[in-house]
Amino acid sequence: LENILVLECLAADNMHQQWLLLAACFWVIFMFMVASKFITLTFKDPDGYSAKQEFLFLTTVPEAGKTREEKHFAEDPKPTGRMPPAAPLIYMERLELIRNVCRVEALRNLSHTAVSKFVLDRIFVCDKHKILFCQTPKVGNTQWKKVLIVLNGNGLPRLSSFSKVGIEKRLKTYFKFFIVRDPFERLISAFKDKFVHNPRFEPWYRHEIAPGIIRKYRKNRGIQFEDFVRYLGDPNHRWLDLQFGDHIIHWVTYVELCAPCEIKYSVIGHHETLEEDAPYILREAGIDHLVSYPTIPPGITVYNRTKVVERYFLGISKRDIRRLYARFKGDFKLFGYQKPDFLLN
């Protein structure tokens, strides 16, 4: 009888271990599925990127002979915003252009801004790989945030959440970048996304912000792109901005979002050349051995600028277009976008 009891106990213990193993397997599968949700990137159009599914590829293989810290954060780090000698000329030219425009006194009000909490709220921190990313809405930022969230492993805090000392240290030593696109095309994208399609169901744009703009510039129902242009180019637009709060981040200038004259960024990417810029940014940030940016479908970053922009600005007065350009002139100059003479003349 004693032997039988021992055998039964052993059998029960073995079954318990099998159940534990089975539960562990299910847990691993579940966590893999959750991780896949974060890793999956989607694409649809130049604004949302979401119909064709692509994937980030993560690997733990270290870069041959060089760690992330050795590459970018030696005890005596290189001044941020300066490219190493081997960097492609275009990226050095972009940074040099910013430095030159920042020195133009006549553009000072359009190129300089305080590094306020508003700016620090726009900058996301990946401490694990010492990266700062300034979010510029309507330029495909969702994809970069997903990349950094996966790499950071514990969310993506804003720079404003750190102490003054912590902020200064990160601004001085971390790799810093952001992405820009043609300023007028970005405004068209913001208008379509927030006031026409609104795919993320953000009702405050249609039910709070749009009525505020209409009351000021149209006096009847239904917001038009013309009203949006008048609001943005109005010299007294700030009183409406205060009412709209942080929702204005989708159309305020890159200067107001990222303070490029006050913060020395390491790389500036352009939406129009993202196919080349994305791999370069990953390589310079020292994470190209950990993640690859998804293949960008043909045509996503290429557009007929004159045709697209002219169609939206058709019928809008030259005065309103000139006022709009006057507000975004700093963005055009800092990042090398041509003045839209085909609209202004």
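**Exercise 1. Decide whether Phe-175 and Phe-177 are buried or exposed, and classify the aromatic pair that they form.**

Step 1. In this predicted model, Phe-175 and Phe-177 are both buried, a label that calls for a relative accessible area under 20%.

Step 2. A pair of aromatic rings is described by the distance of the centres and the angle of the planes. For Phe-175 and Phe-177 the centres lie 6.0 Å apart and the planes make an angle of 40°.

Step 3. Planes under 30 degrees apart would count as stacked and planes over 60 as edge-to-face, so the remaining label applies, and the pair of Phe-175 and Phe-177 is tilted. This pair is one of 25 aromatic pairs found in a search of the whole structure.

**Exercise 2. Classify the aromatic pair of Phe-184 and Phe-313, and find which parts of the chain the pair links.**

Step 1. The ring centres of Phe-184 and Phe-313 are 5.1 Å apart, with 25° between the planes, and the pair is stacked.

Step 2. Phe-184 belongs to helix α8 (residues 183-197) and Phe-313 to helix α14 (residues 305-313), so that the pair links distant parts of the chain, 129 residues apart.

Step 3. Phe-184 and Phe-313 are each buried. Both are named, together with Trp-144, Phe-195, Tyr-231 and Trp-251, as the residues that touch the most other members of the largest nonpolar core, which has 89 residues.

Step 4. When neighbours within four places in sequence are left aside, the contacts of Phe-313 include Phe-184, Ile-188, Phe-225 and Leu-343.

**Exercise 3. Work out the order of the strands in the open sheet and name the strands at its edges.**

Step 1. The open sheet has 4 strands in the order β3-β4-β5-β6, and their pairing is mixed. Its edge strands are β3 (123-126) and β6 (267-270), each of which pairs on one side only. From one strand to the next, the twist averages 25°.

Step 2. Strands β3 and β4 (residues 131-134) run antiparallel and are joined by 4 bridges, and Phe-124 stands opposite Phe-133 in β4. By contrast, β5 and β6 pair in the parallel sense, over 4 bridges, and Phe-177 has Val-267 in β6 as its bridge partner.

Step 3. Consider next the side chains of β6: Val-267 and Gly-269 point one way and Ile-268 and His-270 the other, yet all of these residues are buried.

Step 4. Helix α7 (residues 164-173) lies across β3, β4 and β5 (175-180), at about 75° to β5, while helix α13 (residues 274-284) lies across β5 and β6, at about 155° to β6.

**Exercise 4. Describe the setting of Pro-211 in its helix.**

Step 1. Pro-211 is found in helix α9, which covers residues 203-217.

Step 2. Because its relative accessible area is 24%, Pro-211 counts as partly exposed.

Step 3. Arg-221 is 10 residues from Pro-211 along the chain, and their C-alpha atoms are separated by 8.0 Å.

Key:
Residues are numbered from 1 along each chain as its sequence is written. This is a predicted model: local features need pLDDT of at least 70, side-chain atom pairs count only at pLDDT 80 or more; totals for chains, interfaces and linings use all residues. Side-chain values use heavy atoms; hydrogens and water are left out. A nonpolar core is a set of buried Ala, Val, Leu, Ile, Met, Phe, Trp, Tyr and Cys residues joined through side-chain atoms within 4.5 Å. Buried means under 20% relative accessible area, exposed over 50%, partly exposed in between (1.4 Å probe, protein chains only). Contact means heavy atoms within 4.5 Å. Two strands pair if DSSP finds at least two bridges between them. Helices (H or I, at least four residues) and strands (E, at least two) are DSSP runs, numbered from the N terminus. Axes are lines fitted to C-alpha atoms, for helices over the stretch in contact, and angles run from 0 to 180 degrees between N-to-C directions. Rings of Phe, Tyr and Trp (its six-membered ring) pair if their centres lie within 6.5 Å; planes under 30 degrees apart count as stacked, over 60 as edge-to-face and the rest as tilted.
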